[in-house]
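This report covers ring pairs, charged pairs and confidence. Please look at the structure before reading on.

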Amino acid sequence: MNRERRITAIPSPGLSALAVVVLCAASGSVAAQAIEYRSAGPELIVRDAPSPQGRQLFRLHPGTPVEIVVSQDGWVRVREPGGSLNWVEQQALSNRRTLIVTAERATIRREARTDAPAAFQALRNVVLELIAPPTQGWARVRHREGLEGYIHASEVWGL
């Protein structure tokens, strides 16, 4: 049986498009997808299996960003900012996009430039709402107190 494979990928810097196709084909991937993120709703319980009978591992604070890995019958396997892979109920996720600060102290700027004046600072593990997708390494964010500005992508998780 002759099946045609369609591979869609955007190469990262230093990796040729051919290398991406070869890597995807070697792994058996049919298509490479963009990473998808959501945020924890008010009652997000993380479990070890995709079932209400799965052992409860912990709860995530509302707004915490999670990376969607796979969906299955109303359950979603997610990667949380700490790196663990576990299961959550799909209905417990919010479509609101958030980021979590990974730097010890991040300076959020008034403009998307390193020399722009500071709008505010945020400490590690502060959750910020993503207002606009990143461009040229900067993401526009809002703090829950209403402060807005631009944070460098290297200082957050969830992009």
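## Aromatic pair

The model holds one aromatic pair, counted where ring centres of Phe, Tyr or Trp (its six-membered ring) lie within 6.5 Å, with planes under 30 degrees apart called stacked, over 60 edge-to-face and the rest tilted. Tyrosine 37 and tryptophan 157 make an edge-to-face pair, 5.4 Å centre to centre with 90° between the planes. Because tyrosine 37 is in strand 1 (residues 36-40) and tryptophan 157 in strand 14 (residues 156-157), the pair ties together parts 120 residues apart in sequence. Strands are DSSP runs of E, at least two residues, and helices runs of H or I, at least four, numbered from the N terminus.

Tyrosine 37 is buried at 9% relative accessibility, and tryptophan 157 is buried at 18%. Buried means under 20% relative accessible area, exposed over 50%, partly exposed in between (1.4 Å probe, protein chains only).

## Salt bridges

There are ten salt bridges (a side-chain nitrogen of Lys or Arg within 4 Å of a carboxyl oxygen of Asp or Glu). One of them joins glutamate 148 and arginine 140, at 2.8 Å from N to O. Glu129, Arg140, Arg142 and Glu148 form one network through shared partners.

## Confidence

This is a predicted model; local features need pLDDT of at least 70, side-chain atom pairs count only at pLDDT 80 or more, and totals for chains, interfaces and linings use all residues. Residues are numbered from 1 along each chain as its sequence is written, and side-chain values use heavy atoms, leaving out hydrogens and water.

Mean pLDDT (the predictor's confidence in each residue, from 0 to 100) is 83 for the protein.
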